[in-house]
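Here is the note you asked for on this model. Please read it with the structure open.

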Amino acid sequence: MKIAHIIPAFPNYLEYTAVVKTFPEAVTYAPVTQPVVEFARDEPMAGKKLRAELLPEDPEEFDVVIQGSGALISTKCLATDSRVHRMFRKCYEGGGVCAAICVGVTTLGLCLPLHGVNVTCFPLVWEVQILRDAGAIVHELPVVADKRIVTARDQMCSWMWARTVRKVVEEVFGR
């Protein structure tokens, strides 16, 4: 199984750890910045660096694509990145599972057919509006899984979100 984990320039430690522990086989991409991301803000990772690959212009198809959240401006950059859009579309159209958390859910609203899909997100006005414009039904719940799309409200739901993504992946791929 091929899994991609897309992170912003300054990822949140909780969600990064939840994804890494749940999907240790995932390839990590940091398309917004250089291939080395420093975790200066997160005490458990202070002084350590994460090696990440930059997203290629024409990404391969993955079975699962997961987008994290973090610094708002970095996450907004991911939401409009055509490489990220292509990766999500290829995955979803190929029958894969797409997941995002917090303000990262905005990306899904900009690149996937969400008409009638139940989602949750961090309750920022611009994010909720983008999702509603895409036809999504926005809920105020910690985690929502619907039609191979898994979303979470914020980083405090990271572990629940990662486990829900794993459960949906097992249902879809029978593993």
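1. Basis. This is a predicted model, in which local features need pLDDT of at least 70 and side-chain atom pairs count only at pLDDT 80 or more, while totals for chains, interfaces and linings use all residues. Residues are numbered from 1 along each chain as its sequence is written, and side-chain values use heavy atoms, with hydrogens and water left out.

2. Sheet. Six strands make up an open, mixed sheet, ordered β2-β1-β5-β6-β10-β9. Strands here are DSSP runs of E of at least two residues, and helices are runs of H or I of at least four, both numbered from the N terminus; two strands pair if DSSP finds at least two bridges between them. β2 (27-29) and β9 (143-146) are the edge strands, each pairing on one side only. From one strand to the next the twist averages 15 degrees.

3. β1 (residues 3-6) runs parallel to β2, with three bridges. One of the residues involved is His5, whose bridge partner in β2 is Thr28.

4. Helices on the sheet. α3 (residues 82-93) lies across β1, β2, β5 (64-67), β6 (97-101) and β10 (149-152), at about 140 degrees to β5. α6 (residues 158-173) touches β5, β6, β9 and β10 and makes about 175 degrees with β6. Contact means heavy atoms within 4.5 Å; angles run from 0 to 180 degrees between N-to-C directions of axes fitted to C-alpha atoms, for helices over the stretch in contact.

5. Burial in α3. Arg83, Val84, His85, Met87, Phe88, Cys91 and Tyr92 of this helix are buried. Buried is under 20% relative accessible area, exposed over 50% and partly exposed in between (1.4 Å probe, protein chains only). Just after α3, Gly95 has a positive phi of about 90 degrees.

6. Salt bridges. The whole structure contains five salt bridges, each a side-chain nitrogen of Lys or Arg within 4 Å of a carboxyl oxygen of Asp or Glu. In the pair Arg166 and Glu25, the closest N and O atoms are 3.7 Å apart. Arg166 is in α6 and Glu25 in the loop between α1 (13-22) and β2, so the pair ties together parts 141 residues apart in sequence.

7. Pairs involving α3. Asp58 and Lys90 form a salt bridge at 3.1 Å, linking the loop between β4 (49-51) and β5 to α3. Asp58 is exposed at 58%, whereas Lys90 is partly exposed at 27%. Arg83 and Asp81 form another, at 2.6 Å; Arg83 is buried at 14%, and Asp81 is buried at 13%.
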